[in-house]
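Here are a few friendly notes to read alongside the structure. Take your time and look up each residue as you reach it.

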Amino acid sequence: MSNEPLHVLLIEDSEDDARLVIRELKRGNFTPDWQRVQSEAILRTQLKTAAWDVVIADYRVPELEAPLALKIFQQSQLDIPFIVVSGAIGEKVAVEMMKAGAHDYLMKDDLTRLPEAVRRELREAKVRQQHRNAEILIRRQLAAMEAAIDGIAILQADHHLYMNHSYLKLFGYDQLDELTGQSWKCLYPSKMVDRFENEIFPKLESALSWQGEAIATRKDGTTFVLELSYTLAGGGELVAVCRDITERKQSEKKLKQLNADLMRSNQELEQFAYVASHDLQEPLRKIRNFAELLAQNYQGQMDERADRYISYVTEGATRMQALISDLLSFSCVGRAVLNLKSTSLEMIVQQMTSDLETVIRTRNAVISFENLPTVLADPTRMRQLLQNLISNAIKYCQADVPTVHIRATHDNHTWIISVQDNGIGIDPQYADRIFVIFQRLHHQKDYSGTGIGLAICKKIVELHGGQIWVDSQEGQGSTFSFTLPDSYTITSASQASS
Ligand code: ADP
């Protein structure tokens, strides 16, 4: 057996007797380090300041007899063995010492069983410590359960063994004894009780826990929706944790209803915009054609004012045609189903530079790009989106060489595509407004347009699950950026919904 270290506090007036005790401990395979005390004050200090494994007290130490030493030891609240050794004292005294709380009593002339007594008492002290720790743990857990906002109960054979305060409150009860010993069945409508007994509890035997929703009944008979979990604990006990989710359920229902209403009204609006713009095209074409015929056939035959009026009609009709055609494309974006494909944004931009060749040449523009990814997207919509952004970047520019740079960065399953220009810039207070349909910041005579391009861009980006925004200052160029979930995210989302 290997030697065990042992810190021994010896209450002993005789150095020789102390050595005797220590020798016995060594013989019993302890490696003791020890301190001898023989006064009350030093005993108090030693108990307070050092970490002892055992106290061994001689019964007869002048001014510090064992009964006094034991009292001082008990005041220190240490739970280590206190063993009394003595010369000849009677059995009665020994019994009294044990009654007072000493752990063992040995005669000085027969110390052979001292090591064994110390070992046994150390073991018992350890067990006592473990019990105390377990008690502390249980007390803490109980305090946590009592403080919990969720209702917690322990059930056994249908009856409540334990309930916290929130559980009582949840079901509308005030006093513990109203439910203690009662069956849980009084808390649910009979249909729910049947479901628990026939469907949920049988599952618990293999799954060990269940979580779901239930309809419950309060003490006053009103019902409410409960989120509830049951967990099988040892000894056939069941732990129930529950919370009232009536309000959450009501808000979810309201939100669903609102979403459905919103979707319906959006669809109706889109339908209206589509039908209106589609049907307006024909009469408008007529107005414009006949106004042009009027101009061709009667120009100069009426007075100057009539000529001016005819040209106003032609201009107005032309502008209205542009507006209506853009409105039609805007409503078409929302109506068509996305045709998701692997789409190279680099190829789209390359192609676009040749599509926009005339504008690029006349405006002396330079278009560059870097890192453009291949994404899962609708290629027609991506073309429309990038074309709007690039055309705007060239249009809203007064520099001799309009410069447009398109780049992409990737972060957390998302691509951010940015179109940066050296144009006239935008006052940040209008950064949101420009994405709203028909909102323009310039007069037609300065920059032509209908105010629909960015609204279409926003719709396309949102249909792809992204967001669009602009960073700009007046006179300092603009950067339009939009996000696109990367292929992995789009693939998983479309797989999940299919
Ligand atoms: P349109 O160009 O037909 O007016 P858009 O919806 O494309 O319509 O743009 C809305 C408004 O946003 C424009 O009228 C313009 O004032 C502003 N804008 C768009 N792009 C830019 C840009 N790159 N630089 C500065 N202003 C811009």
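The points below go from confidence in the model to the surroundings of the ligand.

1. Please keep in mind that this is a predicted model. The protein has a mean pLDDT of 91, and 97% of its residues reach 70 or more.

2. Which elements have the lowest and the highest mean pLDDT? Helix 14, residues 487-497, has the lowest, at 46, while strand 16, residues 468-472, has the highest, at 97. Do look at residues 488-498 with care: the pLDDT is below 50 there. Beyond near neighbours in sequence, that stretch has seven contacts in the model.

3. A polar side-chain atom of Lys395 sits 3.1 Å from a ligand oxygen atom, and one of Asp421 sits 2.9 Å from a ligand nitrogen atom. Leu454 takes part through its backbone: an N or O atom there lies 2.8 Å from an oxygen atom of the ligand.

4. How much of the ligand's exposed area does the protein bury? Taken alone, the ligand exposes 530 Å², and the protein buries 97% of that.

Key:
Residues are numbered from 1 along each chain as its sequence is written. This is a predicted model: local features need pLDDT of at least 70, side-chain atom pairs count only at pLDDT 80 or more; totals for chains, interfaces and linings use all residues. Side-chain values use heavy atoms; hydrogens and water are left out. pLDDT is the predictor's confidence in each residue, from 0 to 100. Helices (H or I, at least four residues) and strands (E, at least two) are DSSP runs, numbered from the N terminus. Contact means heavy atoms within 4.5 Å. A polar contact is a pair of N or O atoms within 3.5 Å; within protein, one must be able to donate a hydrogen and the other to accept it, and residues adjacent in sequence count only if both atoms are side-chain atoms. Accessible areas come from the Shrake-Rupley method with a 1.4 Å probe; for residues, only the protein chains shown count as cover.
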